[in-house]
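Me: I have a new structure to go through. Can you walk me through it, one piece at a time?

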Amino acid sequence: MTPDAVGLTAKEAERVRQLCGREPNDLEWGLFGALWSEHCSYKSSKRVLAWLPKEGPQVVAGPGGNAGVVRLDDRMEVAFKVESHNHPSYVEPVQGAATGVGGIIRDIVAMGARPIALMDSLRFGLEGNGQRLRDGVVAGIGGYGNAIGVPTVGGEVYYGPGYAKNPLVNVLCVGVRQSKDAIVGASGARPGQMVYLLGQATGRDGIHGASLLASRDFSADDQDMRPTVQVGDPYTGKLLMEATLAAIETGGVAAVQDLGAAGLVSASSELAVQSQVGLELHLDQVPCRESAMSGYEIMMSETQERMLLVLNSAHGGEALAAISQWGLNATPIGRVTASGRYVLYFGEREVANLEASWLVDGCPLTPAGKDLVAPAFKPMRPSPGSMEEGVEEGFDAGALMAIASDPDCRERRPIFQRYDSMIQTATVWGPDHEVSVLTVDGSPWGLALAVSGIGRWAAVDAYAGGAAAVSVVVSRLATQGAVALGLTDGLNAGNPDKPEVKQAFEQMVLGIRDAARALDVPVTGGNVSFHNETDGAAIWPTPVIGGVGRHFHPTAPVADSLNRPDVTLLLINPALSPSLGGSVWERQHGVLTAYPRVRLSDLAHTVTWLGTAVSDVDADIRAVRAVADGGLWLALVKMWLASAPSVGMTVTLEAVHAMPRLLSEEAGQFLAAVATTRVEATLLQLQSNAIGCLVVGQGHDGDYLELQVGRPSRWTRRWSRSQMRAAWQSWEGDSGGSGTP
Amino acid sequence: MKPKVAVIRFPGSNCDRDTVQAFQSLGAETTILAYDREDLEDATHVVLPGGFSYGDYLRAGALAAHAPIMQALVDAISRGAIEVLGICNGFQILCERGILPGALFANVSGQFRCSWEWVEVLTPPARWPGFRRGMRFRLPIAHADGAYRIGHSDREALWAQGSVFLRYVDPDGQETGEYNPNGSWEAIAGISEGPVMGLMPHPERAMQPWLGSKDGRLFLSLWLQEVPQ
């Protein structure tokens, strides 16, 4: 075995020899190759991720563990993290996506939390086999999530040319646990305790998944990577989840780590380092599905549905009994030592003897850029055409309908209908809303959850895109008056060895940092996926941000649609000079300029105000939505289509910049419908808080949406509900399932 | 006699906790029974909950139909000692065991489907007079294999015996005779025979207005023959 064959560079190989003080054997080379892979070591991103804020009084566990944990109230805590399964999903969409779901669920379980919600963020190409990949991914997510019994309560899907051969599958899982339970995780192992392997027997599936599949670019002949994709088994996953939670409940579990990328070597060395102990593992004791598996294969296998447990002597027996209740066996495979050494045996023979910290922390890290300030905003090229010149030349009703029916904007029901969004009976708002709302057993409070990350916005100015992703998520939580407790970041990019990719990645993280700071939300963990690059073509840098908020009245969410027409429509915190940069409109017209920088301090003000205003009877906000993709226009369309059939809207805009006003996707803007009788008071409130606001329309009786441009109106257009519904629900070849109205 | 509800947990059941909670919220004493028991304790009412028993890897419900506790269930039914409700996977298990007629096939879309549906009582079951003809419930479905099928020769008997309990009606709650979310024969959503009832929709998920409907409270109360709360 050469270092090269396990994916190590010459420089890294030299470092390995230095650490060991000798030439490692083949197995040891393999261990280094797996753990020093980009996927496991975060070698290109670790120093950059250190820039992110991670502190807060509500933070129980920050980055570094299986998942971040934040405090919901005195009794309940929330564990959550996003993880990517991009490369496997391209090679084999169904299993790639399914095992992604299984993996992130196990991460949450390893924190001692019961998974209560999934959300997914998907990216595909529109051309070629984009639809085939999407169907496979959706089937995989549904197949696993539906069977294991964790509801998929929301998500998003966007399209772009770079995703055609680099689809993105990022999955967020949220779990809850009681605060009184001792924190479980990988850090509690103590010398003398026994190490157990729980779950599926180990097979030859997924060997090199992390080191090769997920840590390098794709080229045309990579179909040979298929054997490295693992297969998911949600049935065993369900038993494993229940058995692990039951074992933890007995108090017999000292440490737990799930087996994911780089299987046993990753889980065990991580656990050793986090617990600051040594480990002695006996590979011949590992239950195998296939005969004559080598130590190398056993250590590298990425067979799914496995957990590593360290049991304490006081209650370990009860933990084992709890596990057997679920029909699973925990097999002792080693013990915790005080030596600090990571020693592997096969039978009597010692086959590896290293320091676990060499594997986990030894990899040379890429230095991060030193420039920690936001890059200068490059003035954008003016948008093409006569868009900015006024209503006569520039107004285009057809363009508005094209936005409503764009794949990035249209309804996602054909996708989310294939996911069970209601199991566990806590989903108050599911995937047909932009923010999900859940009740939490054991707390009067609930959760508001949102996920967003539009690559188009980061395509030209990654800093702006990173800041915008955070802004949209926090804005969506704010529409519920929810307090943002924490964020998780799924960062997707191309080959980090390319200077332009590295630079964009750093700027994206800076944008996330600045927005998270300005909005005062910690980033408690996440995932980096590089090498989303095939045949030299990379994806847009894509920052998928998930947010968890404390919802104070989860059984009565703040509405995002109307039952009555007596409202005035407000655009709160409107763009100062509406820009089409990075918008759907630009993409449709074959250009992409820089997305506008979010005015973070204005947004922070607005979020604070909304926090009380949405439940303030005096402000009487009847419905509110955060502006994002498709701009104010799509927010209006979605609010209207979700409203009672008797409710219509008339939208009135100045002639100048009417289209950019409607279609600018600048985050931080809110569409609010306020009771007309209360609107003067609301406007005063906004004014005294120095928050900008435009009156953009009125509700009315009558089942149509009317747009009036210019004052007095120089141009009017009216759409019936069925027209608009037809546009927004245009599914082009998607099957909505039989019997769908 | 106060009802004692037992929810059977098969390996892979995943609606067991929701179902227990639903019955407890109606004030019924409710416990979970493991699939490998050979008795039903002192249950008066037995519920087979939704889920993916044994992963649905063979055919939905096919393996669970032969779990040890199922013989006890069959015996208790023949003694007339219990009332049985199968929800979703539980309905599939009852059909696979032959306790209810017919079978659940893959949805005609070929896809899992989770959505809110309206169902209507077509034939009131003799055992549960509280369900009246034309009564409508808004309940969610969440299944990949919910298309009810029955052989030609058995169809007449199904009607004659008054077994066609529940059918899907259109999204506005109107009976058009055409609406069908999964391709079931005659848009059938549920069947009842004697002391056994099975349906694909999930009443246990419709227990609170903020979850989308509280029609499940009425449904389960009628099944318990308790005064609805």
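Me: Let's start with helix 5 of chain B. Which residues in helix 5 of chain B are buried?

Reply: This is a predicted model, to begin with. In helix 5 of chain B the buried residues are Asp215(B), Gly216(B), Arg217(B), Phe219(B), Leu220(B), Leu222(B), Trp223(B) and Leu224(B). The helix runs over residues 215-224 and is mostly covered, with eight of its 10 residues buried.

Me: What covers the buried residues of helix 5 of chain B?

Reply: The cover includes helix 1, strand 3 (45-48), strand 4 (83-87), strand 7 and strand 11, which belong to chain B.

Me: On to the open sheet in chain B. What order do the nine strands have?

Reply: The order is 2-1-3-4-11-10-9-6-7, and the pairing is mixed.

Me: Which strands stand at the edges?

Reply: Strand 2 (29-34) and strand 7 of chain B do. Each has a single partner strand, so one side of each has no neighbour in the sheet. On average, neighbouring strands of this sheet are turned by 25° against each other, direction ignored.

Me: How do strand 10 and strand 11 of chain B pair?

Reply: Strand 10 (residues 188-193) and strand 11 (residues 196-199) of chain B are antiparallel, with four bridges. Within that pair, Gly190(B) is opposite Leu199(B).

Me: Now the contact between the chains. How many residues come from chain A and from chain B?

Reply: Chain B gives 29 residues and chain A gives 28 residues.

Me: Which elements of chain B each supply at least two residues to the side that touches chain A?

Reply: Helix 1 (16-25), strand 6 (113-121) and strand 7 (136-143) of chain B. Strand 6 of chain B has the largest share, three residues. By class, the side of chain B that touches chain A has 16 nonpolar, 10 polar and three charged residues.

Me: Switching to chain A. At what angle do helix 19 and helix 21 of chain A pack?

Reply: About 40°, with the axes 9 Å apart. Helix 19 covers residues 499-518 and helix 21 covers residues 600-613 of chain A. Helix 19 and helix 21 of chain A are therefore oblique to each other. Helix 19 of chain A passes helix 21 of chain A in a right-handed crossing.

Me: Which residues meet there, in helix 19 and helix 21 of chain A?

Reply: From helix 19 of chain A, Asp514(A), Ala515(A) and Ala518(A); from helix 21 of chain A, Leu600(A), Ser601(A) and Ala604(A). This contact has four nonpolar, one polar and one charged residues.

Me: What about Leu603(A), buried or exposed?

Reply: Leu603(A) is in helix 21 of chain A. Leu603(A) is buried because 25 other C-beta atoms lie within 10 Å, and the cut-off is 20 or more.

Me: What does Leu603(A) touch?

Reply: Leaving out residues up to four places away in sequence, Leu603(A) touches Ser471(A), Leu519(A), Asn573(A), Val598(A) and Gly668(A). Leu603(A) and Gln669(A) are 66 residues apart in sequence, yet 7.9 Å apart in space, C-alpha to C-alpha.

Me: Last one. How many bridges join strand 9 to strand 11 of chain A?

Reply: Four, and strand 9 (residues 278-282) runs antiparallel to strand 11 of chain A. Here Leu279(A) stands opposite Val336(A). Strand 7 (residues 194-199) of chain A also pairs with strand 11 (residues 330-337) of chain A, in the antiparallel sense over five bridges. There, Leu197(A) is opposite Thr331(A).

Methods: Residues are numbered from 1 along each chain as its sequence is written. Chains are lettered from A and ligands numbered from 1 in the order in which they are written. This is a predicted model: local features need pLDDT of at least 70, side-chain atom pairs count only at pLDDT 80 or more; totals for chains, interfaces and linings use all residues. Axes are lines fitted to C-alpha atoms, for helices over the stretch in contact, and angles run from 0 to 180 degrees between N-to-C directions. Angles under 35 degrees count as roughly parallel, over 145 as roughly antiparallel, 65 to 115 as roughly perpendicular and the rest as oblique. A crossing is left-handed if the near helix is turned anticlockwise from the far one by less than a right angle, and right-handed if clockwise. Two residues are in contact if their C-beta atoms, placed from the backbone, lie within 7 Å. Ala, Val, Leu, Ile, Met, Phe, Trp, Tyr, Cys and Pro count as nonpolar, Asp, Glu, Lys and Arg as charged, and the others, Gly among them, as polar. A residue is buried if 20 or more other C-beta atoms lie within 10 Å of its own, exposed if 12 or fewer, and partly exposed in between; C-beta atoms are placed from the backbone. Two strands pair if DSSP finds at least two bridges between them.
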